[in-house]
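Here's a quick briefing to read with the model open. Grab your viewer and follow along.

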Amino acid sequence: MTGAGWRLSAAEVKEWMEWLLAGGRRVVAPAGDGGLVLFRQVSSAGEVRLEGSAHARWSPKEFLFPRTETLMSYTFDDSNSIRLAPPRPAEMEQVLFGVQPCDAAGLMRLDDVFLGDGDGDQLYADRRRRTAVVSLACAVARPECFCTAVGGAPDGTDGSDAQLLPAPDGYLLRALTPKGRELLGGLDSGWQVTTDKDWAQARAQAERVATEIGRSPLPGDLPGRLIGAFGLPIWSTLAERCLGCGICAYVCPSCSCFDITDQANAYCGTRCRSWDTCTLAGFTRHASGHNPRPDQPSRFRQRVLHKFAYFPLESEGRLMCVGCGRCVALCPVGMDIRSAVDNTATEVST
Amino acid sequence: MSASGYLPQLMRISSQRDETSDVRTLRLEQLRPAPLIWRAGQFGLFSVFGLGESAFTIANPPTRGDHIECTFREVGKVTTGLRRLSVGQVIGFRGPYGNSFPVEDWRGKDLIFVGGGMGMAALHAPLRYVLDNRNEYSEVVILNGARGVADLVYTEEMVEWASIRGVKVVRTVDPGGETPGWDGEVGLIPQVFEKLGPQPDDRVVIVCGPPVMLHFMLQSLDRLGFHPEQIVTTLENRMKCGLGHCGRCNVGPFYVCRDGPVITVAELQLLPPEV
């Protein structure tokens, strides 16, 4: 079935989205007016922005791993009694539609973290089971893009159940998993079947975009080299500008660290988890005041090493970075994780 | 992990003991009795509802398993809230998490437990496990120190332990921390340890305490010829989830909550210095 698929006009893609919406699913897609495109739940296909690879400002991570979610709630019955209630499990089927290939790959990194051991995280697992991903191959490269350096491609299929690829006069569509096939709902009988030439064109387009990105894969010995650079002074130089604002983690499709906090009054409360990041000073600070990572260079180093050295070492070489470049584009002081990795690796090899 | 992975079980404070002016030991009993199995050295996340969770070692050994104990110092938000609770009130517990002390591998060996300040709490479970299985182990030395006499924990138990055959208890306070009538040593733990001059042969040293104490203890152990493989400690990095997911206790490729907290110094030396 590899290579086989369908050719859809933009109108047919809209019809397909309407069909998905009519089926009672939550459809999450890039949408927005003007310059700011974000993933959000849409109620009609007309809201969706697929043209020209939207490059949404944030990844759709929050639809599997919300910024804040309740782990449990509790009620104080009287001074000596407490009733606990688990969170409500996810019930709705959802489709993440028009996801960039890098973001789809990012969801697989979340899977590594939350589903990698034993039964995994039940809240995440429930949501993940009910989620299907339709990615949209990239027809343009942005200056910050570097998926090709970290194992991805403009038409990469990691984490996708089905994929749309921009084509002259519309899109090509391929189903990649049984879940993706189910999403077609039989509509494919009315769609035009693709030819080898269609796929050759799509491949050529992806290669053109990859050339535009212009970054070759990071070397396989990178983890060892970066770990070798742990004690070098370069981290101070690299992190000199870092404000410790955490935006890089906030917009990152693979960052998955979180905090757990309670909010309560005299009668009831909730325990929540919310996104957190190793670049914030309080992340590792003990109650005593002792902080194993006492300064910004040591915190930035943790960010780089976790993504490009520690995580790959226990995940068969997969990097905890999918090259979306949002951290590069949105850093208020222009820090660039690509050059941080390159410069540090070079430091060790010379 | 089940659907209720973050749901604690409810525990009632059945008794409490003040170790020092800011350190307290709680004895906790399950509201709904259910099997609770752990190994010496594992930890739990203890909740004060409305304030949050803190990670403490389970201070009693599984050989005394009809309840759990924890010893904590009042220092942050949760521990201050915990200290305000009284006997009969309810807290949450989830766990056990993490690895444990290799007490089976220590059989037949001489053991030295070295605890500085609150570090003694981490030694409480393995030490009592060993004493509860006294015949399986050889000579046991307990070296316990604190800044001052008033900061020493488990003082009543120390007297009891000292009376057990083959168990030697040495207590010390930092210079200036002694009181009139103090009959223990005066000096920093590493110095007192070196004065004891233990031979490394067939011995295991279990050492827990503040980072600065650990630093100098490791130097002393090295001088006395101990190998990093025969020195065991615990890591105390900040934790939230206890499940290896939240990322907070990550040090190199090691997650303290999942791969620790018990670690040999040989393993510790392979990690980046972020503990």
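Which residue takes a positive phi in the hairpin of β2(A) and β3(A)? That's Gly32(A), with a phi near 150 degrees. Keep in mind that you're looking at a predicted model. The rest is sorted by topic below.

**The hairpin in chain A**
- Strand β2 of chain A covers residues 26-31, and its partner, strand β3 of chain A, covers residues 38-42.
- The two strands run antiparallel and are paired over five bridges.
- One of the pairings joins Ala31(A) to Leu38(A), its bridge partner in β3(A).
- Six residues sit between the strands of this hairpin.

**Two helices packing in chain A**
- Helix α2 of chain A (residues 101-115) packs on helix α3 of chain A (residues 122-129), with the axes 9 Å apart and an angle of about 140 degrees.
- Angles over 145 degrees would count as roughly antiparallel, so at about 140 degrees α2(A) is oblique to α3(A).
- The crossing of α2(A) and α3(A) is left-handed.
- On the α2(A) side, the contact is made by Asp111(A), Phe114(A) and Leu115(A).
- From α3(A), Tyr124(A), Ala125(A) and Arg128(A) join in.
- Sorted by class, this contact of α2(A) with α3(A) has four nonpolar and two charged residues, and no polar ones.

**Where the chains meet**
- Chain B puts 35 residues in contact with 41 residues of chain A.
- On the side of chain B that touches chain A, you'll find 15 nonpolar, 15 polar and five charged residues.

Definitions and conventions. Residues numbered from 1 in each chain as written. Chains lettered and ligands numbered in written order. Predicted model: local features only at pLDDT ≥ 70, side-chain atom pairs only at ≥ 80, totals over all residues. Contact = placed C-beta atoms within 7 Å. Nonpolar A, V, L, I, M, F, W, Y, C, P; charged D, E, K, R; others polar. Pairing = 2+ DSSP bridges. Helix = DSSP H or I, 4+ residues; strand = E, 2+ residues; numbered from the N terminus. Axes fitted to C-alpha atoms, helices over the stretch in contact; angles between N-to-C directions. Parallel < 35°, antiparallel > 145°, perpendicular 65-115°, else oblique. Left-handed = near helix turned anticlockwise from the far one by under 90°.
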